[in-house]
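Here is a quick tour of the model shown below. Have the viewer open and follow along.

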Amino acid sequence: MANLRNRLRSSGSLKDKLRPEAWVLQKEESSWAPSGTWSNRDLDITPRQQQTWTSWTIFGYWFSDVISIQSWQTGSTILALGLTWREAILAVVLGSFVMGVPMALNGYIGAKTHAPFPILARSSFGYYFSYFPVVLRLVTALFWHAITNFLGVGPTVQVIRAIWPSFETYPNSIPESVGVTSQQLIAYFVFWALQFPLLLIHPEKLRHLFTVKVVACTATIVGMVIWTCQRAGGGGDIWDQSSSITGSRKAWLTVWALNSCTASWSTVGVNIPDFTRYLKKPRSAFSQAIYFPIVCSWVAILGIVVASASRPAFSDYVWDPIAIISSWHGPGGRAAAFFAGGSWMLAQICVNISATVISGSNDLVSLMPKYFNIRRGAIFITMVSSWAMVPWKILASASSLLAFMGSLGIFLAPMMGIQIADFYVVKRGGLDLPALYHPHGRYRYKYGVNWRAALALACAIGPTLPGLAYNVNQKLYIGGAMYVSNFSWYYDIIVAFAVYSVASLIVPAEETLVEAHTLLGMQLDEPYDAEADDLEKAPKVE
């Protein structure tokens with residue numbers, strides 16, 4: 001007890017702890033940043049001992065990121081438009097295969113350089129303009145973390161009521177205007193409390209958590225398919241439905257569904273270098289071009305199968321897997337509800353880790369490396385998103401989740417196009433990594449801004465802004481801009497890629513062009529090999 005009192009005295013008063021300087025991180029000698037510029041280990045090139053990921057880890061990552069309540073319900077939104085299961089599967093399968101291409105190309109950049117996205121963005125956007133995509137991605141992560149958190153309430157309720165059946169009818173004492181019930185708030189706190197320690201796991205060690213999710217969620221999903229199909233005596237009648245719309249309207253709605261299914265993965269498409277930087281072998285990043293669409297298609301198709309088979313038992317199509325679990329009662333049913341609910345809880349937690357927390361933490365480290373590392377960033381994001389942003393209010397005010405995801409694509413798709421064009425077309429794979437950490441280095445461009453990237457963003461985003469405004473307020477008339485909005489993701493990434501490539505080739509930034517064999521900022525006898533070179537011993541740019 002005496003030792004505890006001494007430690008409290010030595011740690012200073014609460015007032016001292018609230019001062020900004022008390023939260024300053026210790027500057028680490030291994031930082032790649034030049035003297036006078038603050039950085040920390042989490043922003044550095046991933047050291048060799050942390051390059052622990054393999055192709056199977058990438059598979060586990062995508063299984064972890066894709067398996068969620070949101071992905072399961074994708075088909076319901078498409079069928080609600082009047083389309084059929086054929087268009088729903090076409091949109092999911094084709095959209096995910098298309099997204100797999102830039103995902104793999106962008107992921108290879110992170111795997112080859114072992115640098116996080118906020119650092120790599122400086123090569124194409126410029127040292128200071130790179131803060132724009134970083135801030136935009138951080139805001140996106142905050143909102144998605146809040147939404148994904150609250151979607152974890154349903155499975156948590158099932159886990160709790162499986163242990164204490166009376167919780168299913170827990171009385172509500174919160175006014176309706178608040179937007180959440182007592183039962184939901186208790187379940188939300190339980191979900192958040194169980195999730196919190198898992199958010200603090202460093203990315204290099206996440207492969208074990210991904211493995212647990214692969215096993216648990218596969219068992220749950222397969223079990224739900226078998227149970228519903230057995231109850232229905234088959235796969236249901238959804239396969240016999242015909243479209244309620246025809247002609248050009250059907251064609252444009254199909255295009256919109258395809259665009260939305262593709263754009264909904266734009267966030268992780270931009271984020272992916274934050275994870276592939278931990279790969280042992282850079283070429284393993286290309287494996288996700290296969291893993292990602294296969295897992296996406298599998299989940300969406302099974303979601304449609306279960307919804308179709310649920311009609312005989314529930315007198316309607318049930319798209320929410322938690323609604324099916326809630327019908328399981330009795331000792332055996334409660335045991336199944338506990339396992340299935342726990343699996344869907346883990347699904348939402350892993351989505352939070354892989355899609356929001358790690359990427360948002362890297363953004364905070366980039367913006368304020370003096371105060372944030374990945375662990376502190378995770379704590380900040382979950383505190384702000386989970387409580388300060390009041391997620392139940394966000395969900396109550398969102399008229400269409402799929403439209404919201406599609407709208408984000410108009411900002412994120414051009415970023416992917418610019419990143420890919422910069423590395424493969426303009427820089428030809430040659431990057432001076434130490435210079436990326438130097439505010440006055442070769443990637444400063446003019447005043448820290450690469451006007452070529454700004455031009456590409458303007459050309460890509462400009463024509464699709466009316467569509468964003470329409471998604472916010474559907475009473476607006478935007479005329480022919482609606483057609484561009486229907487395939488905005490494809491327009492944005494192609495235009496941004498083309499404009500950036502052409503502008504950079506016509507008016508090249510000569511100072512940023514280095515040979516592929518000078519990737520570490522020094523002349524090498526052979527091309528750079530991330531697996532052979534010791535990145536920790538690389539020279540710094542002073």
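## A walk through the helices

Leu455 sits in helix H22; helices (H or I, at least four residues) and strands (E, at least two) are DSSP runs, numbered from the N terminus. With 36% relative accessibility, Leu455 counts as partly exposed. On that scale, buried means under 20% relative accessible area, exposed means over 50%, and partly exposed is in between (1.4 Å probe, protein chains only).

Before going further, some ground rules. This is a predicted model, in which local features need pLDDT of at least 70 and side-chain atom pairs count only at pLDDT 80 or more, while totals for chains, interfaces and linings use all residues. Residues are numbered from 1 along each chain as its sequence is written, and side-chain values use heavy atoms, with hydrogens and water left out.

Back to Leu455: together with Trp451, Val502, Ile506 and Val507, Leu455 forms a nonpolar patch on the surface, with about 460 Å² of accessible area in total. Helix H22 (451-461) and helix H25 (488-506) are the elements that give two or more residues to the nonpolar patch. Nonpolar side chains (Val, Leu, Ile, Met, Phe, Trp, Tyr) are joined within 5 Å, like charges within 9 Å. Areas come from the Shrake-Rupley method with a 1.4 Å probe, and for residues only the protein chains shown count as cover.

H25 has a hidden side too: its buried residues include Trp489, Tyr490, Ile493, Ala496, Val499, Tyr500 and Ala503. As a reminder, an α-helix has 3.6 residues a turn, so residues three or four places apart point the same way.

How do the helix lengths check out? The expected span is 1.5 Å times one less than the number of residues.

| Helix | Residues | Expected span | Span between end C-alpha atoms |
|---|---|---|---|
| H15 | 27 residues | 39 Å | 37 Å |

H15 covers residues 288-314, and Ser315, which follows H15, has a positive phi near 65°.

Zooming out, the chain has 25 helices and zero strands. Of its 542 residues, 55% are buried. The chain exposes about 22,600 Å², with carbon and sulfur atoms supplying 63% of it. Among contacts (heavy atoms within 4.5 Å) with a separation of 6 or more, residues 24 or more positions apart account for 83%.

Two spots inside the fold deserve a look. Ile109 lies in helix H6 (residues 85-113) and is buried at 4% relative accessibility. Beyond its neighbours within four places in sequence, Ile109 contacts His114, Leu120, Gln419, Phe423 and Tyr424. Leu120 is 11 residues from Ile109 along the chain, and their C-alpha atoms are 8.4 Å apart.

Then there's Ser130, in the loop between helix H7 (117-125) and helix H8 (131-150). Ser130 is buried, with a relative accessible area of 0%. Leaving out residues up to four places away in sequence, Ser130 touches Pro118, Ala121, Arg122 and Phe125.

Cys261 is buried at 6% relative accessible area, and Cys296 counts as buried at 6% relative accessibility.

Technical notes. Patches are made of residues with over 30% relative accessible area and no salt bridge: like charges are joined within 9 Å, nonpolar side chains (Val, Leu, Ile, Met, Phe, Trp, Tyr) within 5 Å. A salt bridge is a side-chain nitrogen of Lys or Arg within 4 Å of a carboxyl oxygen of Asp or Glu.
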